[in-house]
Amino acid sequence: TGLSPIAYKNQVCIRHATQTLLLEKHKSIEEVSEEYGFESAVYFRRLFKSVTGKTPTQYRNEETLL
């Protein structure tokens, strides 16, 4: 994959989190972050944006409109 094990795990978790954000709108960003094993919602948000180019909230709002 060309990624370190941690980077690969983070990418997989973020990919799954994108689906959770869209399918389970009642869950907060903090709940989604915790569900995927991130101890810090701040770190989750930063990592999410680096992978997707959007914050979790932006992703949820923009993807819902499509």
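This is a predicted model: local features need pLDDT of at least 70, side-chain atom pairs count only at pLDDT 80 or more; totals for chains, interfaces and linings use all residues.
Is Glu24 buried, partly exposed or exposed? With a relative accessibility of 26%, Glu24 counts as partly exposed. On this scale, buried means under 20% relative accessible area, exposed means over 50%, and partly exposed lies in between, with a 1.4 Å probe and protein chains only.

## About the model

Residues are numbered from 1 along each chain as its sequence is written, and side-chain values use heavy atoms, with hydrogens and water left out.

## The overall fold

Let's start with the whole protein. It has 4 helices and 0 strands, and reading along the sequence gives the pattern α-α-α-α. Helices (H or I, at least four residues) and strands (E, at least two) are DSSP runs, numbered from the N terminus.

The C-alpha atoms fill a box of roughly 35 × 25 × 15 Å along the principal axes. The radius of gyration of the protein is 11 Å, which agrees with the value near 11 Å for a compact globule of 66 residues. That radius is taken over C-alpha atoms, and the globule rule is 2.2 Å times the number of residues to the power 0.38.

Of the 66 residues in the protein, 30% are buried. The accessible surface comes to about 4,400 Å², and 56% of this surface belongs to carbon and sulfur atoms. Such areas come from the Shrake-Rupley method with a 1.4 Å probe; for residues, only the protein chains shown count as cover.

Now for contacts, meaning heavy atoms within 4.5 Å. Among contacts between residues at least 6 apart in sequence, 50% join residues at least 24 apart. Gln19 lies in helix α1 and is partly exposed, with a relative accessible area of 43%.

## Lys27 and its partners

Lys27 sits in the loop between α1 (5–23) and α2 (29–35). Its relative accessible area is 18%, so Lys27 is buried. Leaving aside residues up to four places away in sequence, Lys27 touches Thr20, Val32, Glu35 and Arg60.

Side chains of opposite charge can pair when their charged atoms come close. A salt bridge is a side-chain nitrogen of Lys or Arg within 4 Å of a carboxyl oxygen of Asp or Glu. Glu35 is partly exposed, at a relative accessible area of 39%.

## Charges across the protein

The whole structure contains 5 salt bridges. One of them joins Lys54 and Glu63, whose closest N and O atoms are 3.3 Å apart. Lys54 is partly exposed at 21% relative accessibility, and Glu63 is partly exposed with a relative accessible area of 26%.

Finally, the mean positions of the 9 positive and 8 negative charges are 6 Å apart. Lys and Arg count as positive and Asp and Glu as negative, while His and the chain ends are not counted. Each charge is placed at NZ of Lys, CZ of Arg, CG of Asp or CD of Glu.
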